Amino acid sequence: MVSSKPVSAKAEAMVLCRVPRWSVGLWASPGWWRTTCTLRALVRPKRGPGCPGGASGPLACSMFSKVSSCTPEVMLTQERYPVQRLPFSVVSEEDLAAFERIVPGRVVTDPEELEVSNVDWLRTARGCSKVLLRPRTSEEVSRILRYCHERNLAVNPQGGNTGLVGGSVPVFDEIILSTALMNQVTSFNTVSGILTCQAGCVLEGLSRYVQERDFVMPLDLGAKGSCHIGGNVATNAGGLRFLRYGSLHGTVLGLEVVLADGTVLDCLTSLRKDNTGYDLKQLFIGSEGTLGVITAVSILCPPRPKAVNVAFLGCPGFAEVLQTFSTCRGMLGEILSAFEFMDAECMQLVQQHLHLASPVQESAFYLLVETSGSSTGHDAEKLGCFLEQVLGSGLVTDGTVATDESKAQALWALRERITEALSRDGYVYKYDVSLPVERLYDLVTDLRARLGSQARHVVGYGHLGDGNLHLNVTVDAFSAALLDTMEPYVYAWTAGQRGSVSAEHGLGFRKRDALRYSKPPPAVQLMQQLKALLDPKGILNPYKLLPTQA
């Protein structure tokens with residue numbers, strides 16, 4: 001079994017390079033500055049093995065649980081948004097008895113237990129489901145869906161419930177089908193690096209499992225301590241390793257999916273090459289549970305890098321950020337594994353709400369650059385040449401390099417915990433868009449000017465290497481009038497650049513009507529035809545992904 005039990009990242013041993021103007025008191029760890037040097041001198045200490053990291057388990061868990069526990073009750077989705085219940089059946093006592101026969105002892109009807117599963121992490125969507133089912137096998141999922149299909153009962157598949165667009169919680173009283181108990185690793189091939197597991201395995205647990213065997217998962221998310229691999233696949237999650245390993249459309253080799261009528265579609269191949277007809281698994285990657293319930297995954301895991309370095313840099317402007325990225329790609333090439341950016345307001349919020357301190361002098365923008373390779377000396381030389389170039393040219397004004405895993409995770413936390421900091425600043429309007437990199441920050445600037453004093457903060461951060469901007473607006477409380485000011489403005493602006501209104505978070509409930517800004521009418525129509533073919537009664541995750549009208 002793979003669990004989500006967090007692993008502490010508080011180890012003290014680390015070698016760190018820094019510019020000496022920084023105060024030792026910036027970090028609340030007495031061993032942080034044990035060994036130091038200046039970047040400009042490019043003194044390279046001996047590097048030990050590591051792995052690409054983000055926030056450790058405790059950070060991820062606090063991000064997706066503790067923050068929301070002390071906030072007021074969330075308004076029902078059906079009251080906040082204009083949506084009408086479709087003519088599905090209502091769960092009866094007979095239905096509950098039938099479910100008890102299928103999954104004995106795993107039918108949850110207690111309102112307190114259901115509360116967590118009815119509300120999304122952002123606390124902006126809340127359903128009123130009266131029952132949650134916890135199957136352990138695909139056969140149990142099949143029996144549940146077969147019964148629901150016959151009874152016309154709507155079903156809301158749910159993994160770790162860490163989604164940001166309202167796609168993982170009910171809109172009305174849909175039955176919640178949780179994959180939490182489907183958490184077994186089926187097999188792992190230590191030669192090919194192919195992992196096969198159930199959909200409810202927690203990403204962080206899988207990461208530890210494969211790392212113990214000298215491999216890594218091809219995706220890494222801030223929510224890894226809670227999110228399930230099945231949910232990752234269902235939403236085509238991108239994350240922090242996309243630049244290096246690409247999307248799940250490439251790394252997922254096979255899927256087992258249960259269709260709306262209970263049919264088990266076994267495409268759980270572990271082959272790298274299979275050119276026999278349509279690649280059906282691709283239909284379900286990114287389908288957000290609307291076409292079928294993913295119950296098992298076969299995924300290709302790359303070898304664990306032997307040398308990992310993380311640099312945190314300050315840039316005076318976005319033009320310099322772009323030039324640094326171009327220089328980085330040219331000089332680091334095959335060892336570049338992440339290139340993240342955040343603006344000054346993001347850093348201010350992380351400092352204010354999480355009491356983390358910047359390890360570099362105040363800058364307009366901050367960059368996190370990660371390298372992952374197989375040769376410590378080779379990677380150190382390439383990174384050193386890159387740093388010398390960008391510092392010497394003035395593209396970067398300040399920076400630090402961490403080569404030990406625990407301190408690299410501390411640098412990653414500055415980037416990964418932005419979402420948590422935003423949630424503590426007030427109500428958050430979130431946008432996740434893809435844009436040409438040269439226009440990436442223009443949307444932030446334009447929206448900041450458009451909103452003026454109506455917003456507390458308008459911030460931009462994200463995966464610059466992928467052209468993925470996370471645009472966030474914080475305010476005191478939800479305002480329909482302010483929402484009208486931003487939508488469809490943000491979507492139309494993005495469409496004007498031939499961008500995508502959802503880079504990696506999916507569409508879920510809240511973004512479903514924005515689909516037309518990224519897809520032409522024939523594409524939307526074909527999606528609706530596929531939905532009608534695979535789920536003719538529309539019972540799987542209704543009100544999500546597809547627009548209300550064609």
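**Rings, strands and a cavity**

The structure holds 17 aromatic pairs. Here, rings of Phe, Tyr and Trp (its six-membered ring) pair if their centres lie within 6.5 Å; planes under 30 degrees apart count as stacked, over 60 as edge-to-face and the rest as tilted. Helices (H or I, at least four residues) and strands (E, at least two) are DSSP runs, numbered from the N terminus.

The model is predicted: local features need pLDDT of at least 70, side-chain atom pairs count only at pLDDT 80 or more, and totals for chains, interfaces and linings use all residues. Residues are numbered from 1 along each chain as its sequence is written, and side-chain values use heavy atoms, with hydrogens and water left out.

How enclosed are these rings? Buried means under 20% relative accessible area, exposed over 50%, and partly exposed in between (1.4 Å probe, protein chains only). Tyrosine 427 is buried at 13%. Phenylalanine 478 is partly exposed at 27%. Tyrosine 431 is buried, with a relative accessible area of 3%. Tyrosine 491 is buried too, at 5%.

Elsewhere, ring pairs link Phe318, Phe341, Phe365 and Tyr441 into a cluster. Charges also meet rings. The test is NZ of Lys or CZ of Arg within 6 Å of the ring centre and within 35 degrees of the ring normal. The charged end of arginine 80 sits over the ring of phenylalanine 478, 4.6 Å from its centre. Arginine 213 does likewise over tyrosine 209, with its charged end 3.7 Å from the ring centre.

Now follow S17. Eight of its eight residues are buried, so the strand is largely enclosed by the rest of the structure. In a regular strand the side chains alternate between the two faces of the sheet. Asn468, His470, Asn472 and Thr474 point one way from S17, and Leu469, Leu471, Val473 and Val475 point the other way.

Which strands pair with S17? Two strands pair if DSSP finds at least two bridges between them. S15 pairs with S17 in the antiparallel sense over eight bridges. S16 and S17 also run antiparallel, joined by seven bridges. Asparagine 472 of S17 stands opposite lysine 430 and is also the bridge partner of valine 459. S16 and S17 form a hairpin with four residues between them, and glycine 467 in the turn has a positive phi of about 70°.

A cavity is a set of points, on a 1 Å grid over the protein atoms alone, where a 1.4 Å probe fits but cannot get out; lining residues have an atom within 4 Å of a point. There are three cavities of 30 Å³ or more. The largest cavity holds about 840 Å³ of space. Its lining has 45 residues, and Thr162, Gly163, Leu221, Asn232 and Thr235 lie nearest its centre. H7 gives the largest share of that lining, four residues.

Notes. On a 1 Å grid over the protein atoms alone, a cavity is a set of points where a 1.4 Å probe fits but cannot get out, and a pocket is an open set with protein on both sides within 12 Å along at least five of seven lines; lining residues have an atom within 4 Å of a point. Grid points are joined across faces, edges and corners, and a volume is the space filled by probe spheres set on the points.
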